[in-house]
Amino acid sequence: MEWIQQIVNGISLGSIYALIALGYTMVYGIIKLINFAHGDVFMIGSFVGFFAITGWNLGFFPALLLSMTVCAILGVIIERVAYKRLRNSTRIAALITAIGVSLLIEYVVIYFRGAQPEAYPKEILPAKSFELFGAKIDSQSLYILLITIVLMVLLQFIVHRTKIGKAMRAVSHDQDAAQLMGINVDTTISATFAIGSALAGAAGVIFGLYYIKIDPLMGIIPGLKAFIAAVLGGIGIIPGAMVGGFILGIVEVIVSAFGFSSWRDAAAFIILILILIFRPSGIFGKNTREKV
Amino acid sequence: MLKVEGIDVFYGNIQALKNVSLTVEEKEIVTLIGANGAGKTTLLKTLSGLLRPTAGTIQYLGESIRVKPVQSIVKAGISHVPEGRRVFANMTVEENLDLGAYLRKDKKGIKQDLDKVFSLFPILHERRNQLSGTLSGGEQQMLAIGRALMAKPKLLLLDEPSMGLAPLLVKQIFNIIQEINKDGTTILLVEQNAHMALSIANRAYVIETGSVVLSGNASEMQNSEKVKEAYLGGI
């Protein structure tokens with residue numbers, strides 16, 4: 001029953017991708033920008049969690065909340081400082097700026113603390129393993145899944161049931177019409193960055209818990225993978241990012257399980273290429289037609 | 001109620017409005033007619049704050065709204081039904097209407113106005129849980145008007161409510177516009193369908209390539225040779 005175990009591993013990895021992918025997709029949905037600095041917000045989240053746990057002796061959940069808060073603020077600052085003034089310029093200008101912000105965050109962190117990795121302390125959460133259908137399942141994987149699901153439900157609630165969520169959907173659909181409702185577009189975009197970045201922060205702490213080793217360039221590959229997950233699900237579509245993340249995580253683990261672990265990164269990019277060729281709008285994407 | 005004086009509006013280097021002045025008195029229906037590209041939509045966008053004039057003044061209820069942000073203008077009671085309806089296609093009819101009341105906090109009043117909108121447009125009540133992108137063109141127009149009414153406007157700006165609709169529907173929409181007006185809402189109506197617009201309006205302005213070329217009582221305009229020739233198909 002090894003495959004159940006592999007699926008569980010895939011889901012844990014997929015949870016991390018999905019949480020990061022949500023930020024990509026939300027930001028894309030609202031300002032049509034691929035925020036390449038998003039993976040670095042994830043890295044900052046991981047470090048904040050690390051320092052909170054080792055330096056301030058916070059428990060896992062307070063550290064998670066702190067990391068999410070810091071990342072939310074960071075996300076809003078990035079948008080206000082770097083992207084806001086580019087809202088009416090070409091998309092390529094904003095994209096290049098995003099790459100610039102990404103490099104800036106990475107190397108500012110390296111400048112101040114060096115490039116050496118850190119190790120998350122073990123046993124922050126009870127790590128018991130137990131048998132399920134003959135598979136050995138680690139309680140940490142379940143915690144990761146549980147936290148991810150709670151965050152996703154919370155996100156769905158915010159997006160569909162709250163005023164700010166409705167404003168976010170309105171702005172992403174039609175900025176001018178949203179303004180005519182009295183919606184403040186700047187505030188709404190900030191809120192989107194805050195929520196997306198908070199989720200990346202949570203992913204960062206979960207990543208540390210699961211993979212132990214963190215370093216200032218850790219955001220690059222998971223960031224790209226999450227971007228693929230967002231494209232796979234259909235960029236701009238929130239449930240798409242969740243599903244895309246889980247699929248990508250499971251595919252990677254399966255590829256490794258068949259003994260091609262050095263190919264796992266390649267597998268993700270092959271998925272990206274295939275999806276761009278055969279279904280560029282993603283799994284959940286559809287061409288909505290509007291009546292005129 | 002609304003007093004626009006000498007405004008100029010530019011899109012980049014292109015001047016879209018030249019020295020435009022107009023007034024709208026309380027409880028009136030004023031219509032602005034003119035051909036495609038004459039600047040009608042530009043004027044409405046300027047009134048609701050989406051565009052900014054480079055010269056001139058806009059007074060609303062005795063206050064200048066020329067540099068006010070769009071939200072404050074909405075809050076002050078100007079609702080704009082944009083050209084092409086622009087409903088939020090990815091949301092249900094009811095969510096669209098909720099968004100119309102975005103700046104309001106009086107839950108009771110919102111509920112009352114929702115009922116009012118549903119009694120004006122019973123079809124919206126029937127389809128309240130449907131995604132608005134699946135509505136027909138006429139239903140979307142009703143939704144766009146209903147959504148604007150949810151803000152409880154004092155002044156309603158309507159941009160081409162007849163666009164792309166069958167004649168019977170146009171008639172229905174115009175009847176409802178009159179009803180809304182009788183309820184105490186002032187209306188500034190932009191139309192290409194000059195005949196319909198003049199038949200319900202008190203006063204009218206004719207706009208041509210960014211300037212007001214003619215204004216007067218709607219009934220007089222209906223009989224004016226110039227208007228007949230240019231906009232009523234020489235009937």
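1. Let's start with the contacts in chain B. Of those with a separation of 6 or more, 67% join residues 24 or more positions apart; two residues are in contact if their C-beta atoms, placed from the backbone, lie within 7 Å. Please keep in mind that this is a predicted model, where local features need pLDDT of at least 70, side-chain atom pairs count only at pLDDT 80 or more, and totals for chains, interfaces and linings use all residues. Residues are numbered from 1 along each chain as its sequence is written, while chains are lettered from A and ligands numbered from 1 in the order in which they are written.

2. Next, the build of chain B. You will find 10 helices and 10 strands there (DSSP runs numbered from the N terminus: helices are H or I with at least four residues, strands E with at least two). Buried residues, those with 20 or more other C-beta atoms within 10 Å of their own C-beta, make up 46% of the 235 residues in chain B.

3. Now to two helices of chain A. The axes of helix 1 (residues 2–31) and helix 2 (residues 38–54) of chain A come within 10 Å and cross at roughly 135°; axes are lines fitted to C-alpha atoms over the stretch in contact, with angles from 0 to 180 degrees between N-to-C directions.

4. Who touches whom? Helix 1 of chain A brings A:Ile20, A:Gly23 and A:Tyr24 to the contact, and helix 2 of chain A brings A:His38, A:Gly39 and A:Phe42.

Conventions. Buried ≥ 20, exposed ≤ 12 C-beta atoms within 10 Å, placed from the backbone.
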